Amino acid sequence: MDRRHDNRKLTMEAIVKRENLINRRNFLKMGIKAGGGALALSAIPIKLVAADEVTEEEPLAQAMGYKKDASTVDTAKFPKRAGDAGGNQFCHNCALYGGSAEDETAPCSIFQNRLVRGAGWCNAWVAKA
Ligand code: SF4
């Protein structure tokens, strides 16, 4: 191997090392940007992340007779909702409903503040004071 070839090899090694350094720098920059993205995601309001709606199929909803549409409640099984007085019971006029009568959905404390329908009902209904 001649000396000129060795010099060329050294030069190539230096270039590779420099490229690796640049790549490492870029990698670190990407990591910082990704970290920034994670920070941006963590800034999303908790209400948006945690605001999932209760489904009628889940066990607690079934046990409580929760229906998104109060008119579909099985009044034979849940007689509290039967008759004229029962027919006026909705989530939106329940003391445990965390919204106003105009809100389509709002958190309910029975369901760990997950969303229920204003037009819904469950057997834990309590009149608003
Ligand atoms: Fe609706 Fe009240 Fe039952 Fe919650 S406790 S699901 S607001 S009726």
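Modeller: One term to begin with: two residues are in contact when they have heavy atoms within 4.5 Å of each other. Also keep in mind that this model is predicted.

Biologist: In what order do the elements of the protein chain run from the N terminus on?

Modeller: Start with the count. The protein chain has 4 helices and 2 strands. Read from the N terminus, the order is α-α-α-α-β-β.

Biologist: What share of the residues in the protein chain is buried?

Modeller: The cut-off for buried is under 20% relative accessible area. The protein chain has 129 residues, and the buried share of them is 22%.

Biologist: And what share of the contacts with a separation of 6 or more joins residues 24 or more positions apart?

Modeller: Take the contacts in the protein chain with a separation of 6 or more. Then pick out those between residues 24 or more positions apart. Their share is 54%.

Biologist: How many Å separate the C-alpha atoms of tyrosine 97 and lysine 128?

Modeller: Lysine 128 is among the residues that tyrosine 97 touches. Along the chain, the two are 31 residues apart. Their C-alpha atoms are separated by 8.9 Å.

Biologist: Which residues have the most contacts inside the largest nonpolar core?

Modeller: That core has 18 residues. As a general point, nonpolar side chains in soluble globular proteins tend to be buried together. Those with the most contacts inside this core are Val54, Tyr66, Tyr97, Phe111, Val116 and Trp121.

Biologist: Which residues are around the ligand?

Modeller: The space taken by the ligand is the largest cavity. By class, its shell has 11 nonpolar, no polar and no charged residues. They are Tyr66, Cys91, Cys94, Leu96, Tyr97, Cys108, Ile110, Phe111, Cys122, Ala124 and Trp125.

Biologist: What is the phi of glutamine 112?

Modeller: Most residues other than glycine have a negative phi. Glutamine 112 is in the loop between strand E1 (105-108) and strand E2 (114-117). It is exposed, at 69% relative accessible area. Although it is not a glycine, its phi is positive, at about 55°.

Biologist: What about the phi of asparagine 113?

Modeller: Asparagine 113 lies in the loop between E1 and E2. It is a residue other than glycine, and its phi is positive, near 65°.

Biologist: How far apart in space are glycine 98 and asparagine 113, C-alpha to C-alpha?

Modeller: Glycine 98 is in the loop between H4 and E1. Its relative accessible area of 58% makes it exposed. In sequence, glycine 98 and asparagine 113 are 15 residues apart. In space, the C-alpha to C-alpha distance is 7.9 Å.

Biologist: Is glutamate 102 buried or exposed?

Modeller: Glutamate 102 is also in the loop between H4 and E1. Its C-alpha atom is 7.9 Å from that of glycine 118. The cut-off for exposed is over 50%. At 68% relative accessible area, glutamate 102 is exposed.

Technical notes. Residues are numbered from 1 along each chain as its sequence is written. This is a predicted model: local features need pLDDT of at least 70, side-chain atom pairs count only at pLDDT 80 or more; totals for chains, interfaces and linings use all residues. Side-chain values use heavy atoms; hydrogens and water are left out. A residue is near a molecule or strand if one of its heavy atoms lies within 4 Å of it. On a 1 Å grid over the protein atoms alone, a cavity is a set of points where a 1.4 Å probe fits but cannot get out, and a pocket is an open set with protein on both sides within 12 Å along at least five of seven lines; lining residues have an atom within 4 Å of a point. A molecule sits in a cavity or pocket if more than half of its atoms lie within 2 Å of its grid points. Ala, Val, Leu, Ile, Met, Phe, Trp, Tyr, Cys and Pro count as nonpolar, Asp, Glu, Lys and Arg as charged, and the others, Gly among them, as polar. Buried means under 20% relative accessible area, exposed over 50%, partly exposed in between (1.4 Å probe, protein chains only). A nonpolar core is a set of buried Ala, Val, Leu, Ile, Met, Phe, Trp, Tyr and Cys residues joined through side-chain atoms within 4.5 Å. Lists of a residue's contacts leave out its neighbours within four places in sequence.
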